[in-house]
Amino acid sequence: MFTSMFFYLFICLLLFGIGDVLGVATKAKVSAVFVSLMLFLVGFMTGVLPPDIIKLAGLTDIGKWSLIFVVFSMGTSLNIKQLIAEWRTVAVAVLSMIVLIAGSVVLIPVIGYQETIVSIPIINGGIVATQIMTSAAMDKGFAMAAALGTVLYAVQKFFGTPVASYFGLRAAKEALAEFRRTGVNPYAPKEEVHGGAAPKETFFEKHKKFYGPFASLTIAALFSWLAFVIGKYTGLSATIWALILGAVMGSTGLVPPKILDHAKSSGIFNVGVFAVIIPSLAKIKVSDLLVLSFNTIMVFIVVFVVLFCSSIFCRCGKSWAIETLLWV
């Protein structure tokens, strides 16, 4: 009864669910991801959870193909025209990545080569980068580097979520105050603000009734497969192609934005993505905590110092300071 796949699946989902509940209860001041990952870590270290619980729960295979679906879905939420209009934001993000990559030179002699190579993409990215880098590290046998990557992602969420929540709520309050004062939504599309013609309906909006859950999943599967094939013959990661294909299809209006949400299946795909990084936590021993703590602290110190110094050098300290705080 307590050794079946369904029981282990229940335990995994329970830990994710606890994180969700605490995240909502604290109004996103506590990261749901951080809570869930720390519960898994404590469970592994105390022996309460078996180290192969993800495999026992039947989530290993789902994790192998869920990432590319999630990335394609993320791409469908992007609008190329909007990205072009917000080129300054894009430029700051790209420049931040370049600066952090340069900062890796400082980290290598401090925490090690493998740990640095795994850490920098995770700090620059999010769950997608975490899955890619931890999986690659595990495949190469770099257990500590993989564990560091997962811990960095969790800690990043822990410190970044309250800050992001604060600035998000502050921006919302400012927008609401301006709307009450002027009657104009400062975040509305330019056409709406200036009283222009409403944007035309997209192909998806006109034929929305045909985009049911299975049809939407079929579309996602098709482009995930295409991204895999293109990636295989170009040498460029399939996840990058999935993002590009998603952005192109989303901008044309041929597919629903956030297609996995539209298919009412994003939750299980996200579980699959997290399922890939959780096994790295099972490799952590009590004796490793001191080293992991030191490496984690050093990564964030170097990241903050490098970004702060760059902001001063570029004479855009205020805007970049905010970007630094919101690197998650």
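At 7% relative accessibility, Asn295 counts as buried (buried means under 20% relative accessible area, exposed over 50%, partly exposed in between, with a 1.4 Å probe and protein chains only). Asn295 is located in helix 16, residues 289-313 (helices are DSSP runs of H or I with at least four residues, strands are E runs of at least two, and both are numbered from the N terminus). When residues up to four places away in sequence are not counted, Asn295 touches Ile111, Glu115 and Leu148 (contact means heavy atoms within 4.5 Å).

The structure is a predicted model, in which local features need pLDDT of at least 70 and side-chain atom pairs count only at pLDDT 80 or more, while totals for chains, interfaces and linings use all residues. Residues are numbered from 1 along each chain as its sequence is written, and side-chain values use heavy atoms, with hydrogens and water left out.

The secondary structure of the protein chain comprises 17 helices and zero strands. Of its 328 residues, 38% count as buried. Among contacts between residues at least 6 apart in sequence, 74% join residues at least 24 apart. The protein chain exposes about 18,700 Å², of which carbon and sulfur atoms supply 71% (accessible areas come from the Shrake-Rupley method with a 1.4 Å probe; for residues, only the protein chains shown count as cover).

Phe7 is partly exposed, with a relative accessible area of 24%, whereas Tyr8 is buried at 13% relative accessibility. For Tyr153 and Phe274, the ring centres are 6.3 Å apart and the planes stand at 45°, so the pair is tilted. Tyr153 lies in helix 9 (residues 143-182) and Phe274 in helix 15 (residues 266-277), so the pair ties together parts that are 121 residues apart in sequence. Both partners are buried: Tyr153 has a relative accessibility of 4%, and Phe274 has a relative accessible area of 14%. Tyr153 and Phe274 also belong, with Phe16, Phe40 and Phe44, to one aromatic cluster.

Tyr211 occupies the loop between helix 11 (203-206) and helix 12 (213-234), and is buried with a relative accessible area of 11%. Its side chain reaches the backbone oxygen of Leu254 at 2.6 Å, a polar contact being a pair of N or O atoms within 3.5 Å; within protein, one must be able to donate a hydrogen and the other to accept it, and residues adjacent in sequence count only if both atoms are side-chain atoms. Leaving aside neighbours within four places in sequence, Tyr211 is in contact with Phe203, Phe204, Ser216, Ile219, Leu254, Val255, Pro256 and His262. The C-alpha atoms of Tyr211 and Val255, 44 residues apart along the chain, are separated by 8.4 Å.

Two lysine residues have positive phi values. Phi of Lys258 is near 50°; Lys258 lies in the loop between helix 13 (238-252) and helix 14 (259-262) and is partly exposed at 46% relative accessibility. Lys264 has a positive phi of about 55° although it is not a glycine. Lys264 is found in the loop between helix 14 and helix 15 and is exposed, with a relative accessible area of 72%.

Side chains of opposite charge can pair when their charged atoms come close. A search of the whole structure finds one salt bridge (a side-chain nitrogen of Lys or Arg within 4 Å of a carboxyl oxygen of Asp or Glu). The side chains of Asp61 and Lys64 meet in a salt bridge with an N to O distance of 3.6 Å. Being three residues apart in helix 4 (residues 60-76), Asp61 and Lys64 are separated by about one helical turn. Lys64 is exposed, at 65% relative accessibility.

Definitions and conventions. Phe/Tyr/Trp six-rings, centres within 6.5 Å; stacked < 30°, edge-to-face > 60°.
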